[in-house]
Amino acid sequence: MNRIVSLDEFVIRTEKEKPHSSGSFSRLLRDIGIAAKIVNREVNKAGLVNILGVEGSTNSTGDDVQKLDVFANEKFIETLSYSGEVCGIGSEENQTFIEVPADKGKPAQYVVVMDPLDGSSNIDVNVSVGTIFGIYRRKSPADGPCQLEDFLQKGTELVAAGYVLYGTSTLMVYSTGNGVNGFTLDPSIGEFCLSHKNIQMPVAGNYYSVNQGYYLKFDLEMRRYIDHCSDLNYRLRYIGSMVSDIHRIMFQGGIFLYPNTRKYPKGKLRLLYECYPMAYLIEQAGGTALTCKLERVMDMEITELHQTSSVAMGSRDMVKDMKEFVEKYGAVIQ
Ligand code: AHM
Ligand code: MG
């Protein structure tokens, strides 16, 4: 039997391998793991909402019942604010970034960006949801408050990124730029345990994941590529939670698309909170992450916290095929 390696042990061990490590990064990742466990506990009892009370009411113990995404946002912010390692937090749930005051005057060097509970349409119906996070080193002087420039950094500047999938099991998958590893929460001991070491996604696949209900709203090249997937009998899977959909293709191979539509001419998914971290993981796992206009997601310029982008990411060969369709049909007048 293999010895169990907990997330905390793994994080500490890998950080120790780096020269001059202060341990602050390990503490930060450990705190993300703690917040994820708290959110997981709440996600697990979401089905009891009718017994415990609905949002806006008070439950049997007199507490206010919150919507799960609001709860997740608060828990992550609370946990990260007390970590002492973070000077600012950017969340998809907040209009602007949150400044975290230095703990006992000790300057913190990281900012965290996150989508605390992604897949909002799944929350009330017991279908899997996730958390997405990215970690940047601050750009502003360490002795002052964090600034917008600390958040408006490209994907290539990420020092780590990951997601937590609250599914049939709860998993945390993350990378610090040296491969991707996955940890499954063992509820009996309350620990994330190393379960998927050095994840490499298949170079090809036959899953495609897109909201095909918007087919007529996509550009011609995307429609032609989707027709191609269908002609080849690729299997369509769309959970409506980016974390879950990408998690599948990480392991089984495939492509995830959220193209620009007439409603969202620049795409719907948030570059900072969703696209960069997921693109970072996909690339670390050997895949490719482009926009539907064929730019590398990680290189996209960012000027606003809530900037959105189209995405086409997944197995290298499938994204290559998609690229050919964009090159062939992208210039055609529709
Ligand atoms: P959210 O952050 O409000 O949950 O929106 C992001 C989600 C993604 O997880 C998912 O891929 C997409 O929105 C689904 O959108 P749609 O319902 O338009 O297909
Ligand atoms: Mg989201």
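Select ligand 1 together with domain 1 (7–196) and domain 2 (207–329): each domain gives at least three residues to the shell around the ligand, the bounds coming from an automatic or database domain assignment. This is a predicted model, in which local features need pLDDT of at least 70 and side-chain atom pairs count only at pLDDT 80 or more, while totals for chains, interfaces and linings use all residues. Residues are numbered from 1 along each chain as its sequence is written.

Next, display the residues near ligand 1 (a heavy atom within 4 Å). There are 16, and the closest are Asp 118, Tyr 214, Tyr 238, Met 242 and Tyr 258.

Then turn to the polar contacts (pairs of N or O atoms within 3.5 Å). A polar backbone atom of Met 242 lies 2.7 Å from a ligand oxygen, and a backbone N or O atom of Ser 120 lies 2.8 Å from an oxygen of ligand 1. From the side chain of Lys 268, an N or O atom is 2.9 Å from a ligand oxygen.

Now select the magnesium ion (ligand 2). Its donors (N, O and S atoms within 2.8 Å of the metal; water is not among the atoms, so sites may look incomplete) come from Glu 92, Asp 115, Asp 118 and Glu 274, at 1.9 to 2.7 Å. Asp 118 belongs to strand S3 and Glu 274 to helix H8 (residues 271–284), so this pair ties together parts 156 residues apart in sequence; helices (H or I, at least four residues) and strands (E, at least two) are DSSP runs.

Finally, colour Asp 118 and Glu 274 by accessibility: both are buried, that is, under 20% relative accessible area with a 1.4 Å probe, protein chains only.

Note on methods
Chains lettered and ligands numbered in written order. Heavy atoms only, no water. Polar contact = N/O pair within 3.5 Å; in protein donor to acceptor, adjacent residues only side chain to side chain. Donors = N, O, S within 2.8 Å, 3.2 Å for Na, K, Ca; no water. Buried < 20%, exposed > 50% of the residue type's maximum accessible area, 1.4 Å probe, protein only.
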